[in-house]
Amino acid sequence: MSPDTSPTLAARVRAWLPDRVDRRVRIFAWLSFLAEVLIIGTGGAVRLTGSGLGCPTWPRCTPESIVNTPEMGIHGIIEFGNRTLTGLVGILALVVVVLVWRLRRERRALFVLALVVLGGVVAQALVGGVTVLTGLNPFIVGFHYVASVSLVAVCAAFLTLMYLPAGRRHLAVPRWFAGLTHATTAVLAVTIVFGVLTTGAGPHSGDDASVRNGFDAQLLEHVHAWPGYALFALTLTLVVAAWRLRLPVRRWATALLAVEFVQIAVGLYQARNGLPELAVGTHMVLAALTAAAMTVVVLRLKEPAAVVVEASRARESVARG
């Protein structure tokens, strides 16, 4: 009798895993990104509907039940729904890690980013538990949001690098332009931090019994606006320079400017209309999308070496006439 030469289960699984960035990787990477954005929206809904303590304990929804009960009403449904979505976000992050497992050497950056997202989702679940157990402490709630925005940015970084070939990348823009871009990124971070502090001082605490951070909300609204306008001015400068110099990042810089314009419009609307819940929630999601677009702009400052050389030769040819 001939020996059994059929492949083992592990070998079959390994053969099934992608050996390049294929359609499976792209689909689940996009799903992971969308889920990270969606959970910011649902987290905002939890807070803006006063459902932050809809499930008053953690990790159970109540001391007696893992899930919400009918007696908890709509607040329990909203809070438990957000917790359930965390599980979906984690599953998608795990799938992406598995799909890039065979690429962990040749596409190391993708593998590391996938691990960061998966670890971040686990950490966020724990921070969410601390948020509930501390009665929606505004500083922990703010950290929870900033961490969520950071995960959206990491997912955006994965998507950006996913469409670029592996290998060395070189700066494809003038150094002063790269420096200005990084300065713009820093201003964006300051804007988001002051936005979080402003929200923590405002009326949307997530629960009527939750305390606020003690800052003057009206003063913080103005302080938050200053770096916001500076961010828009810096981005406008990047867009004008990128189009004049025909830099490869010009379209993404324009997209960033467009998101910022909508974000400013929503911010002005909510400030002048008593902070309506839908506008505040939209503002929160747009901040995450702004961070994602900024991430793409930063990463596209560099291009694969062959592309940079070809673009440089083309510019020299145009200059010579």
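**Entry 1**

I looked up Trp-30 and found it partly exposed, at a relative accessible area of 37%. For my own record, buried stands for under 20% relative accessible area, exposed for over 50%, and partly exposed for what lies in between, with a 1.4 Å probe and protein chains only. This is a predicted model, where local features need pLDDT of at least 70, side-chain atom pairs count only at pLDDT 80 or more, and totals for chains, interfaces and linings use all residues. Residues are numbered from 1 along each chain as its sequence is written, and side-chain values use heavy atoms, with hydrogens and water left out.

Next I checked aromatic pairs: rings of Phe, Tyr and Trp (its six-membered ring) pair if their centres lie within 6.5 Å, and planes under 30 degrees apart count as stacked, over 60 as edge-to-face and the rest as tilted. I got 4 aromatic pairs by this rule. One of them joins Trp-30 and Phe-33, which is edge-to-face because the ring centres are 5.9 Å apart and the planes stand at 90 degrees. Both residues sit in helix α2 (residues 23-48), and since they are 3 residues apart, about one helical turn separates them. I noted that Phe-33 is buried, at 10% relative accessibility.

**Entry 2: Phe-232 and Phe-261**

How are the rings of Phe-232 and Phe-261 placed? Their centres are 6.5 Å apart and their planes meet at 45 degrees, so I wrote this pair down as tilted. Phe-232 belongs to helix α7 and Phe-261 to helix α8 (residues 250-272), so the pair ties together parts 29 residues apart in sequence. Phe-232 is partly exposed at 23% relative accessibility, and Phe-261 is exposed, with a relative accessible area of 54%.

**Entry 3: Ser-210**

I found Ser-210 in the loop between α6 (175-201) and α7 (217-245). Is Ser-210 buried or exposed? Its relative accessibility is 10%, so I put it down as buried. With contact meaning heavy atoms within 4.5 Å, and neighbours within four places in sequence left aside, Ser-210 touches Gly-135, Leu-136 and Ser-205. A polar atom of the Ser-210 side chain lies 3.4 Å from the backbone oxygen of Gly-135.

**Entry 4: Met-72**

Met-72 has its place in the loop between α2 and α3 (73-99). I noted it as buried, with a relative accessible area of 18%. Leaving aside neighbours within four places in sequence, its contacts are Gly-54, Cys-55, Pro-56, Cys-61 and Thr-62. I also took the C-alpha to C-alpha distance from Met-72 to His-182: 47 Å in space, for 110 residues in sequence.

**Entry 5: The whole chain**

Stepping back, I counted 10 helices and 2 strands in the protein chain; these are DSSP runs, numbered from the N terminus, with helices (H or I) of at least four residues and strands (E) of at least two. Along the sequence I read the pattern α-α-α-α-α-β-α-α-α-α-β-α. The C-alpha atoms fill a box of roughly 75 × 70 × 20 Å along the principal axes.

The chain has 321 residues, and 44% of them count as buried. Of the contacts between residues at least 6 apart in sequence, 77% join residues at least 24 apart. Last, I looked at charges, with Lys and Arg counted as positive, Asp and Glu as negative, and His and the chain ends not counted. There are 28 positive and 17 negative side chains, and the centres of the two sets are 16 Å apart.

Conventions:
The place of a charge is taken as NZ of Lys, CZ of Arg, CG of Asp or CD of Glu. A polar contact is a pair of N or O atoms within 3.5 Å; within protein, one must be able to donate a hydrogen and the other to accept it, and residues adjacent in sequence count only if both atoms are side-chain atoms.
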